[in-house]
Amino acid sequence: MATVKPFKAIRPTKDKAPFVVSRSYQEYSKKELNANLKFNPFSFLHIINPGYKFDKEVTGTERFSLVYNRYLEFLEDAILKKDNTPGFYLYEIEQNGLKCSGLFCATSVADYENDIIKKHEDTIKRREQLFANYLNTVKFNAEPVLMTYEDKEALSNLLMREKEKTPEYHFTTTDKATHKLWVIADKKITAQIQDYFEEVDTLYIADGHHRSASSYLLSKMMDDKKEGDDKASDYFMSYLIPESEIQIFEFNRMVKDLNGLSKEEFLIRLDTYFRIENKGAMLYRPTKKHHFSMYLDGEFYSLYLRKKVYEFTDPLSALDTQILYKTVLQPILGISDLRNDERITYGYGKHNIIRMKDEIDALKYKVGFSMLPVTISEIKEIADAGLVMPPKSTYIEPKLRSGMAIYEL
């Protein structure tokens with residue numbers, strides 16, 4: 001059973017919420033980031049980019065301390081306030097035709113350790129430790145781990161009734177996303193929600209593998225400092241959303257060269273594993289699993305996997321990103337390290353095949369591959385088997401805003 005807890009969130013005051021919340025700072029161009037910092041004094045970006053106040057780039061532990069200081073200033077200036085009563089926070093976001101809603105809550109480090117919370121991606125130990133040190137210094141968690149669970153009709157009905165009430169926040173941001181947030185603090189209702197999640201066997205991490213791993217590491221770092229049971233660092237903030245409301249996009253792959261092969265030699269090597277058809281210059285997308293689209297020298301090709309020469313041994317081996325790695329990227333193009341090899345780049349989204357074509361036509365890359373998105377069933381099968389996907393296998397929405405709700409550690 002999954003353990004979820006209500007918590008006393010640190011939140012923007014109602015009048016300032018539209019100005020506080022921000023996208024992940026990595027999504028902003030330098031120009032856009034500077035404009036936000038210059039013209040919006042309430043933006044959460046001021047907290048996570050504290051060097052702007054001093055017109056200085058700060059990194060490492062110096063940055064961590066300054067982040068904490070900016071956070072305290074936002075509290076002192078009443079831009080952020082702490083709720084008096086623990087609650088769950090029902091958050092709905094609508095953008096580009098996608099509408100989904102889920103719960104901000106505290107999820108258990110013990111559940112992560114005991115495989116009730118399951119992952120499908122590997123993490124990098126250095127990044128885990130860095131973020132654990134960050135959390136230990138700033139003492140708050142502002143970016144929830146996105147998790148999904150099997151739809152529960154009774155829980156969905158309860159949340160639908162809550163959405164009939166007037167939301168605490170209701171605003172639209174400049175990227176045309178509409179945000180609504182309801183505070184659920186009634187003890188009877190929060191207990192019902194906890195009871196419903198006790199019937200959930202597994203929570204699956206959709207986005208935030210490093211954040212969850214770092215929270216686990218922080219909990220272990222804090223073990224000798226804890227008094228009593230059930231301390232804040234035994235939990236981390238998550239956003240729980242039913243499977244039916246998750247949207248998954250594919251990551252395309254673009255490679256800078258053919259690893260010393262001519263075009264003809266490359267196609268001959270591909271023929272070992274694929275039935276190849278030249279589709280010409282018109283945009284061509286794959287239509288089913290184990291079917292790939294390739295763009296090379298101004299032409300699209302369909303690649304149909306020859307299943308008699310490729311063995312499916314487990315859920316990972318049947319994943320398209322793994323098939324592409326095992327049949328093309330590693331043996332033919334010589335790319336073993338998908339995370340760090342500078343010869344490969346990734347693009348996501350339903351329109352990325354157009355951008356992929358443009359980049360290759362501009363001679364920035366030599367060849368590109370696209371495939372269908374991974375399904376939620378594939379994610380669950382791989383997580384249940386204790387396996388991990390290749391890097392950049394999924395791009396998952398919704399992408400949550402920083403500063404909407406903050407969990408104090």
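Modeller: Helix α7 (residues 153–162) and helix α8 (residues 187–198) pack at an angle of about 155 degrees, with 10 Å between their axes; helices here are DSSP runs of H or I of at least four residues and strands are E runs of at least two, numbered from the N terminus, while axes are lines fitted to C-alpha atoms, for helices over the stretch in contact, with angles running from 0 to 180 degrees between N-to-C directions. α7 and α8 are therefore roughly antiparallel to each other, a term for angles over 145 degrees, as against roughly parallel under 35, roughly perpendicular from 65 to 115 and oblique for the rest. Their crossing is left-handed, that is, the near helix is turned anticlockwise from the far one by less than a right angle, clockwise being right-handed. On the α7 side the contact (heavy atoms within 4.5 Å) is made by Ala 154, Leu 155, Leu 158, Leu 159 and Glu 162, and on the α8 side by Ile 189, Gln 192, Ile 193, Tyr 196 and Phe 197. By class, this contact has 8 nonpolar, 1 polar and 1 charged residues, where Ala, Val, Leu, Ile, Met, Phe, Trp, Tyr, Cys and Pro count as nonpolar, Asp, Glu, Lys and Arg as charged, and the others, Gly among them, as polar.

This is a predicted model, in which local features need pLDDT of at least 70 and side-chain atom pairs count only at pLDDT 80 or more, whereas totals for chains, interfaces and linings use all residues. Residues are numbered from 1 along each chain as its sequence is written, and side-chain values use heavy atoms, with hydrogens and water left out.

A second pair, helix α6 (residues 125–138) and helix α9 (residues 209–221), packs at an angle of about 60 degrees with axes 8 Å apart, which makes α6 oblique to α9. α6 passes α9 in a right-handed crossing, and by class their contact has 7 nonpolar, 6 polar and 3 charged residues.
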